[in-house]
Amino acid sequence: MVLAGGGYAASAWEIGLITGMAEAGLDLRNADLFVGTSSGSRVALHLASGVPHEEAFERRLSPGPPSAERPPAVDWVELREGLARAKQAGGGPTEILRRYGSLALAAALGRDGSTRREIVAAQLPMETWPEQKVLIVTVNAETGERRAFDRNSGIDLVDAVIATTASFGWPPTLFQGQHYIDGGFYSTDNADLATGFDRVMILALQPGPLGVVSMSLVKLDAAVNILRSGGAQVEVIHPDEDTLAALASAGGVMNPAVSASAARAGRLQGGRIVNERISSFWA
């Protein structure tokens, strides 16, 4: 199972979709591997936790009291210009991601990582790594290298989630002397990390105004080609037209207000798409 990032919209839609599919008789919790990037890491942990789907779904409908954490103040115009320059300077993904890392570290100056740790820990269904294999994807801000953390990496689970959700303005995780940031800078899905598995299901928003963040360097199609060339059967699920309409009416992917609409739309879509083809693919 590959759970792609994309802010509040992605995680809420994925939780809704998983809940709807389970209601229709297809439970995805028996995967041999969960790959979670950015907000998708939280969904991966939900699947590996054994927490009832309904409980996770309800949390998307009722966000609870306002968070004490202030959202980062980011000059998005200046940031986009910086990203554009980082790409235009050329080189491979690692070189470009080193430049991204410098921008991300500068944007996070002054942010209180200890406060964020407490908040993130309270949001997770567990605070220790699950028995099922989960990969949480990050980027080393200093070297530009992609790194997927798992239970054998020596990093605390909460710190791994903080790292993969450390987009611009949010504090990175310091681990073994290196800073780690959002794995979505490399790819919103990182589906190629599922290479070697016979069947791979990918849940991902579509590119575009309501879809994946444009700063990602490696696109989903490239990962799907890698998986299929290795002999894997791949099923990619995007929001359908009804879901996209619901997302469009609720605001951007990073707006918390989108969560309830995205979760409800995903649940309906999940119930619609469980048919003989999908069921036999995952059986």
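Helix α1 passes helix α2 in a right-handed crossing. A crossing is right-handed if the near helix is turned clockwise from the far one by less than a right angle, and left-handed if it is turned anticlockwise. Helices (H or I, at least four residues) and strands (E, at least two) are DSSP runs, numbered from the N terminus. The model is predicted, with local features needing pLDDT of at least 70 and side-chain atom pairs counting only at pLDDT 80 or more, while totals for chains, interfaces and linings use all residues. Residues are numbered from 1 along each chain as its sequence is written, and side-chain values use heavy atoms, with hydrogens and water left out.

The axes of α1 (residues 7-23) and α2 (residues 39-49) come within 8 Å and cross at roughly 25°. This makes α1 roughly parallel to α2. Axes here are lines fitted to C-alpha atoms, for helices over the stretch in contact, and angles run from 0 to 180 degrees between N-to-C directions. Angles under 35 degrees count as roughly parallel, over 145 as roughly antiparallel, 65 to 115 as roughly perpendicular and the rest as oblique. On the α1 side, Gly7, Ala10, Ser11, Glu14, Ile15 and Ile18 meet Ser39, Gly40, Val43, His46 and Leu47 of α2, where contact means heavy atoms within 4.5 Å. By class, the contact of α1 with α2 holds 5 nonpolar, 5 polar and 1 charged residues. In this scheme Ala, Val, Leu, Ile, Met, Phe, Trp, Tyr, Cys and Pro are nonpolar, Asp, Glu, Lys and Arg are charged, and the others, Gly among them, are polar.

Helix α1 also meets helix α10 (residues 259-273): the two axes come within 6 Å and cross at roughly 35°. Here too, α1 passes α10 in a right-handed crossing. The α1 residues in this contact are Tyr8, Ala9, Ala12, Trp13, Gly16, Leu17, Thr19, Gly20, Met21 and Glu23, and those of α10 are Ser259, Ala262, Ala263, Gly266, Arg267, Gln269, Gly270, Gly271 and Ile273. The contact of α1 with α10 divides into 9 nonpolar, 8 polar and 2 charged residues.

How much of α2 is buried? Of its 11 residues, 10 are buried, and the helix is mostly covered. Buried means under 20% relative accessible area, exposed means over 50%, and partly exposed lies in between (1.4 Å probe, protein chains only). The buried residues of α2 include Arg42, Val43, Ala44, Leu45 and His46. Leaving aside neighbours within four places in sequence, Ser41 is in contact with Gly36, Ile136, Val161 and Thr164. After α2 comes Gly50, whose phi is positive, near 85°.

Ser38 is found in the loop between β2 (34-37) and α2. Ser38 has a positive phi of about 55° although it is not a glycine, and at 12% relative accessibility it counts as buried. Most residues other than glycine have a negative phi, and most peptide bonds are trans. Asn190 is another residue other than glycine with a positive phi, near 55°. Asn190 is found in the loop between β6 (178-182) and β7 (199-203), and at 0% relative accessibility Asn190 counts as buried.

A nonpolar core is a set of buried Ala, Val, Leu, Ile, Met, Phe, Trp, Tyr and Cys residues joined through side-chain atoms within 4.5 Å. The largest nonpolar core has 52 residues, and those with the most contacts inside it are Met1, Leu3, Met21, Phe34, Met201 and Leu203. To this core α1 gives the most, with 8 residues. Apart from it lies another core, of 17 residues, among them Ala204, Leu220, Leu227 and Ala232. Leaving aside neighbours within four places in sequence, the contacts of Phe34 include Met1, Leu3, Leu28, Ala44, Leu47 and Val134.

A further helix pair is α6 (residues 113-123) and α7 (residues 157-164), whose axes come within 10 Å and cross at roughly 105°. The two helices are therefore roughly perpendicular to each other. Arg116, Arg117, Val120 and Ala121 in α6 meet Val158, Asp159, Val161 and Ile162 in α7. This contact has 5 nonpolar, no polar and 3 charged residues.

Finally, Gly230 is found in the loop between α8 (220-229) and β8 (233-237), and it is exposed, with a relative accessible area of 63%.
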